[in-house]
Amino acid sequence: MMEDKFNAVSNTAKLKKRVFSGVQPSGDVQLGNYLGAFKQWVQGQQEKENFFCIVDMHALTVYQEPAKLLEQTKMLAALLFASGIDPNRSTLFVQSQVTAHAEACWILNCMTPIGWLERMTQYKDKSLNQERVSVGLLDYPVLMAGDILLYDTNEVPVGEDQKQHVELSRDIAQRFNRIYGDTFVIPEPVIPEVGARIMGLDNPLIKMSKSHAHIKGHAIRLLDDDKEIERTIKRAVTDSDNVIQFSREPEKAGVNNLLGIYKVITGRTINQVESDFQDARGYGDLKARVSEVVIEELQPIKKKYSEIMDDSSELDRLLIRGAERARSYADPKLMDIKERVGLVLPGNLVK
Ligand code: AMP
Ligand code: TRP
């Protein structure tokens with residue numbers, strides 16, 4: 001039986017902790033995505049079993065130009081592989097290619113109180129001052145819960161901003177388990193200590209984000225050329241007291257952010273970073289050194305990216321393979337969910 005074969009696959013693999021994370025193919029991928037998410041995903045690949053999902057259906061919660069969405073989906077896949085996601089160790093796939101996600105979302109919708117969703121801060125932010133808000137935008141975290149729960153996920157590595165959504169996935173899983181019996185693993189959010197919140201270079205009080213990445217001076221985009229990177233960092237907002245130290249003071253947020261970027265890239269401790277800058281002559285030096293490490297970090301990624309894009313048929317093959325692998329986990333899980341809630345399964349109807 002198909003179901004047994006798939007269960008056998010997922011049971012043997014379950015010896016390792018399972019990791020699931022996602023990223024939207026909307027806007028330009030920026031340094032915060034890379035330092036807060038991709039870099040952590042790449043580093044965790046060895047010892048864990050990983051699923052990384054390009055969540056194109058989440059992107060649809062706000063209008064996307066169709067041709068652009070498709071193009072950005074492929075570019076993002078190429079960038080993830082270029083950043084070091086290894087298709088032999090991790091399953092990288094596009095969400096809409098695995099229909100179980102949409103189906104799971106529907107079933108979970110039916111047991112999620114609307115109040116839980118209206119309380120989500122991302123929803124409140126994104127719907128603020130909008131004339132019309134789609135049902136999809138409100139439902140976004142339930143689709144995300146479906147993503148996570150279909151894979152019996154133990155860990156969800158995300159930036160700070162997504163913690164509330166992962167916590168909601170836990171609540172939904174617990175509620176389902178209570179009503180229908182033990183079905184879902186309860187996932188844990190894993191937030192990196194540094195890099196969880198890279199701030200805008202034009203305004204260090206707001207998070208660097210894909211949706212603002214087109215605004216001049218806000219973000220380093222992963223595909224920016226070296227000169228652009230240097231220029232953006234040179235223009236970064238700082239303060240006037242010329243003290244190069246980590247600090248939680250809002251007026252030091254700019255310097256703190258630059259030091260944070262340097263710290264995640266170099267892997268040095270807080271003390272080491274501060275001593276690296278002891279001899280610096282002002283913020284000009286700080287910015288030059290930060291530019292240097294950012295440029296050095298992104299150069300090989302850009303090179304690999306253009307190699308991948310030169311032969312995109314290989315990229316397509318990898319995405320097809322990724323979706324097949326993902327389905328071999330998600331489809332039997334969905335069967336289990338459907339059976340528990342009393343939906344008709346193929347075996348229930350005799351020809
Ligand atoms: P998004 O750009 O919202 O699709 O986010 C994709 C991933 O990158 C998520 O894990 C986010 O938490 C992470 N992320 C996005 N922006 C930042 C940022 N400025 N700092 C750290 N992590 C971020
Ligand atoms: N909402 C996440 C973000 O914007 C992306 C995402 C969708 C995700 N599904 C997920 C992250 C499942 C982790 C796990 O960053």
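First, a word on what we are looking at. This is a predicted model. The mean pLDDT of the chain is 93, with 95% of its residues at 70 or more. There is one stretch to treat with care: over residues 1-12 the pLDDT stays under 50. In the model, that stretch has 8 contacts beyond four places in sequence.

A polar side-chain atom of Tyr-140 sits 2.6 Å from a nitrogen atom of ligand 2, and an N or O atom in the side chain of Asp-147 is 2.7 Å from a nitrogen atom of the ligand. On its own, ligand 2 has 370 Å² of accessible area, and the protein covers 91% of it.

Who else is around? Ligand 2 has 13 residues around it, and the nearest are Gly-22, Tyr-140, Met-144, Asp-147 and Gln-162. If you sort the shell by class, you get 7 nonpolar, 5 polar and 1 charged residues. Strand 1, residues 18-23, and helix 8, residues 135-149, each give at least two residues to this shell. Helix 8 has the largest share, with 4 residues.

Now turn to ligand 1. Which residues come nearest to it? Of the 18 around it, they are Gly-159, Asp-161, Ile-198, Met-208 and Lys-210. A polar backbone atom of Gly-159 is 2.8 Å from an oxygen atom of ligand 1, and a backbone N or O atom of Met-208 is 2.8 Å from a nitrogen atom of the ligand. From the side chain of Lys-210, an N or O atom lies 2.7 Å from an oxygen atom of ligand 1. Taken alone, this ligand exposes 480 Å², of which the protein buries 93%.

The shell of ligand 1 divides into 6 nonpolar, 8 polar and 4 charged residues. Its largest share, 4 residues, comes from helix 2, which spans residues 31-43.

Let me now pick out a few single residues, starting with His-165. You will find His-165 in helix 9, residues 163-180. Is His-165 buried or exposed? It counts as buried, because its relative accessibility is 2% and the cut-off for buried is under 20%. Its side chain makes a polar contact of 2.9 Å with the side chain of Gln-162. Beyond its sequence neighbours, His-165 is in contact with Met-120, Gln-122, Tyr-140, Pro-141 and Met-144.

Next, Ile-337, in helix 14, residues 312-341. Ile-337 is buried too, at a relative accessible area of 2%. Setting aside residues up to four places away in sequence, it touches Ile-107, Leu-150, Phe-176, Thr-183 and Phe-184. For a sense of scale, Ala-37 is 300 residues away from Ile-337 along the chain, and their C-alpha atoms are 30 Å apart.

Thr-232 is another buried one, with a relative accessible area of 7%.

Most residues other than glycine have a negative phi. Asn-129, which is not a glycine, has a positive phi of about 60°. Where is Asn-129 placed? It is in the loop between helix 7, residues 121-127, and helix 8. With a relative accessible area of 76%, Asn-129 is exposed. The other one is Asn-242, whose phi is positive as well, near 55°. Asn-242 is in the loop between helix 10 and helix 11, the latter being residues 253-266. This asparagine is partly exposed, at 48% relative accessible area.

Technical notes. Residues are numbered from 1 along each chain as its sequence is written. Chains are lettered from A and ligands numbered from 1 in the order in which they are written. This is a predicted model: local features need pLDDT of at least 70, side-chain atom pairs count only at pLDDT 80 or more; totals for chains, interfaces and linings use all residues. Side-chain values use heavy atoms; hydrogens and water are left out. A residue is near a molecule or strand if one of its heavy atoms lies within 4 Å of it. A polar contact is a pair of N or O atoms within 3.5 Å; within protein, one must be able to donate a hydrogen and the other to accept it, and residues adjacent in sequence count only if both atoms are side-chain atoms. Accessible areas come from the Shrake-Rupley method with a 1.4 Å probe; for residues, only the protein chains shown count as cover. Ala, Val, Leu, Ile, Met, Phe, Trp, Tyr, Cys and Pro count as nonpolar, Asp, Glu, Lys and Arg as charged, and the others, Gly among them, as polar. pLDDT is the predictor's confidence in each residue, from 0 to 100. Contact means heavy atoms within 4.5 Å. Buried means under 20% relative accessible area, exposed over 50%, partly exposed in between (1.4 Å probe, protein chains only).
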